[in-house]
Amino acid sequence: MKTKNSTYTYRHSELPEISPEIKSEIVALDVWAANIIQKSVGNYRALEELMETLSDLLDSCELNLNSIRIIPDGSNECDATNLPIEQKQAVYSMNYT
């Protein structure tokens, strides 16, 4: 379920499955990364650039993961204690303005 602030909220039992297409692309990425690392063995500059690129991609992945909120099955979704800090701040600021 997508909410207004590009935050996705799912009950644990409703987490979407990974599609076969995405799974195969992840496997292909793993193979590609292993190949380029092998080709770059001993080349400091190539490995450093690859590491920076992969680090940027990892950061982007983590940002996207942080936009997903998983609530336990059976919990009250409206409970403010389940909200990410950004949403809590927005709720509290709306109440005091």
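**View 1. The largest pocket has a volume of about 320 Å³.** This is a predicted model, in which local features need pLDDT of at least 70, side-chain atom pairs count only at pLDDT 80 or more, and totals for chains, interfaces and linings use all residues. Residues are numbered from 1 along each chain as its sequence is written, and side-chain values use heavy atoms, with hydrogens and water left out. A pocket is an open set of points on a 1 Å grid over the protein atoms alone, where a 1.4 Å probe fits, with protein on both sides within 12 Å along at least five of seven lines. Grid points are joined across faces, edges and corners, and the volume is the space filled by probe spheres set on them.

**View 2. Ten side by side names: the lining of the largest pocket is Tyr8, Ile26, Leu29, Asp30, Leu57, Ser60, Cys61, Asn64, Leu65 and Ile68.** Lining residues have an atom within 4 Å of a point. Helix 1 (20–40) and helix 2 (44–66) are the elements that give two or more residues to this lining. Helix 2 supplies the largest share, 5 residues. By class, the lining has 7 nonpolar, 2 polar and 1 charged residues. Here Ala, Val, Leu, Ile, Met, Phe, Trp, Tyr, Cys and Pro count as nonpolar; Asp, Glu, Lys and Arg count as charged; the others, Gly among them, count as polar.

**View 3. The protein chain follows the pattern β-α-α-β-α along the sequence.** Its secondary structure comes to 3 helices and 2 strands. Helices (H or I, at least four residues) and strands (E, at least two) are DSSP runs, numbered from the N terminus. Of the 97 residues in the protein chain, 12% are buried. Buried means under 20% relative accessible area, exposed over 50%, and partly exposed in between (1.4 Å probe, protein chains only). Among contacts between residues at least 6 apart in sequence, 48% join residues at least 24 apart. Contact means heavy atoms within 4.5 Å.

**View 4. Strand 1 (residues 8–11) and strand 2 run parallel, joined by 4 bridges.** Two strands pair if DSSP finds at least two bridges between them. Tyr10 is found in strand 1. The bridge partner of Tyr10 in strand 2 is Ile70. Tyr10 has a relative accessible area of 16%, so this residue is buried. Tyr10 and Arg69 are 59 residues apart in sequence, yet 6.4 Å apart in space, C-alpha to C-alpha. Strand 2 (residues 68–71) has a covered face, Arg69 and Ile71. Its uncovered face holds Ile68 and Ile70.

**View 5. Helix 1 has 21 residues, and its end C-alpha atoms are 30 Å apart.** At 1.5 Å a residue, the helix should span 30 Å, which agrees. The expected span is 1.5 Å times one less than the number of residues. Ala33 is found in helix 1. Ala33 counts as buried because its relative accessibility is 14%. Ala33 and Leu50 are 17 residues apart in sequence and 9.0 Å apart in space, C-alpha to C-alpha.

**View 6. Ser40 lies in helix 1, and Gly42 follows that helix.** Ser40 is buried, with a relative accessible area of 8%. Not counting residues up to four places away in sequence, Ser40 touches Ala46 and Leu47. The phi of Gly42 is positive, near 85°.
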